[in-house]
Amino acid sequence: MRLLVATRNHHKLEEIRQIFALPGLELVAADEVSGLPEDVVEDADTFEGNALKKARELCGASGMWTMADDSGLEVAALNNAPGVFSARYAGEPCSYPANNAKLLRELGGVEDRRARFRCVIALCAPDGREWTVEGRCPGRIIGETRGSNGFGYDPLFVPDGHEQTFAELDGATKNSLSHRGHALRRAAAEWRALLVAG
């Protein structure tokens with residue numbers, strides 16, 4: 001069966017394909033299906049709310065089983081900010097360097113650098129059924145960007161038990177540790193019967 005993934009980011013889609021590989025399942029990006037809304041306004045106040053909203057809207061528009069995720073960075077010393085505003089932390093348009101620069105400014109002089117990435121994945125069926133799973137990755141924010149792999153806050157985030165940032169780790173290692181990796185593996189295990197049966 002074909003599963004619509006609510007993203008136009010092919011870097012993210014490839015990351016998802018590496019982990020969420022189920023027999024007979026073809027993952028399709030939003031820009032590969034005609035007639036879908038260009039963008040879904042992510043105005044919920046939780047990752048789960050945004051993931052469900054994206055999955056519902058694209059499922060309704062396409063008539064296809066749809067998977068969507070929302071994820072972000074939560075920094076303990078900033079009361080879990082940027083949270084759902086992670087992508088647009090420094091304002092519109094979304095800019096990874098600007099977001100990273102703002103985060104470093106906000107943490108200037110702060111000793112507590114604990115942070116975690118969170119990801120919620122939602123699955124919506126055309127008959128209205130819905131499911132969600134969550135993944136987390138704890139770590140810390142360092143004082144300057146390092147590495148050129150990954151995207152977003154990856155150059156500033158060092159996962160617990162490691163010395164390299166997400167942007168310095170190879171893709172396989174990052175996927176084994178990341179919030180999205182944890183959520184995708186859970187989703188593949190929990191939703192396998194649904195999606196392989198179709």
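**Notes on the model**

1. On the side of helix 3 turned away from its buried face sit the exposed residues P97 and R105. Please keep in mind throughout that the model is predicted.

2. N99, N100 and L103 are the buried residues of helix 3. They lie on the same side of the helix because the arc they cover around the axis is only 95°. The packing partners of these buried residues are strand 3 and strand 6 (130-141).

3. Start of helix 3. The N-terminal end of helix 3 is capped by S95, with a side-chain oxygen 3.2 Å from the backbone nitrogen of A98. In the loop between strand 4 and helix 3 is P93. The peptide bond that joins E92 to P93 is cis, with omega about -10°.

4. V75. This residue belongs to strand 3. V75 counts as buried because its relative accessible area is 0%, and the cut-off for buried is under 20%. Leaving out residues up to four places away in sequence, V75 touches N80, A81, P82, L103, L107, R114, A115 and I141. V28 is 47 residues from V75 in sequence, and the C-alpha atoms of the two are 33 Å apart.

5. From strand 3 to strand 4. N79 and N80 are both found in the loop between these strands. Neither is a glycine, yet phi is positive in each: about 55° for N79 and about 70° for N80. N79 counts as exposed, at 73% relative accessibility, whereas N80 counts as partly exposed, at 36%. Further along, the bond from A81 to P82 is a cis peptide with omega near 0°. P82 is part of strand 4 (residues 81-82).

6. The largest pocket. How much space lies in the largest pocket? The computed value is about 970 Å³. Its lining is made up of 35 residues, and K12, E42, K54, D70 and A87 are those nearest the centre. By class, this lining has 14 nonpolar, 8 polar and 13 charged residues. At least two lining residues come from each of helix 2 (47-62), strand 3 (66-75), helix 3 (96-106) and helix 5 (179-197). Strand 3 contributes the most, with 5 residues.

7. K54. Among the residues nearest the centre of the largest pocket is K54, which lies in helix 2. Is K54 buried or exposed? K54 is buried, as its relative accessible area is 9%. Its contacts, not counting residues up to four places away in sequence, are A6, V40, E42, A68, D69 and D70.

8. The cavity. The count of cavities of 30 Å³ or more comes to 1. The largest cavity holds about 40 Å³ of space. V5, I16, M67, A68, D69, I121 and L184 form its lining. That lining divides into 6 nonpolar, no polar and 1 charged residues. Which strand gives the most to the lining of the largest cavity? Strand 3 does, with 3 residues.

9. Strand 3, in summary. Strand 3 gives the most to the lining of the largest pocket and also the most to that of the largest cavity. The buried residues of helix 3 pack against strand 3 as well.

Terms used: Residues numbered from 1 in each chain as written. Predicted model: local features only at pLDDT ≥ 70, side-chain atom pairs only at ≥ 80, totals over all residues. Heavy atoms only, no water. 1 Å grid on protein atoms, 1.4 Å probe; cavity = no way out; pocket = protein on both sides within 12 Å on 5 of 7 lines; lining within 4 Å. Points joined across faces, edges and corners; volume = space filled by probe spheres on them. Helix = DSSP H or I, 4+ residues; strand = E, 2+ residues; numbered from the N terminus. Nonpolar A, V, L, I, M, F, W, Y, C, P; charged D, E, K, R; others polar. Buried < 20%, exposed > 50% of the residue type's maximum accessible area, 1.4 Å probe, protein only. Arc of directions from axis to C-beta. Contact = heavy atoms within 4.5 Å. Polar contact = N/O pair within 3.5 Å; in protein donor to acceptor, adjacent residues only side chain to side chain.
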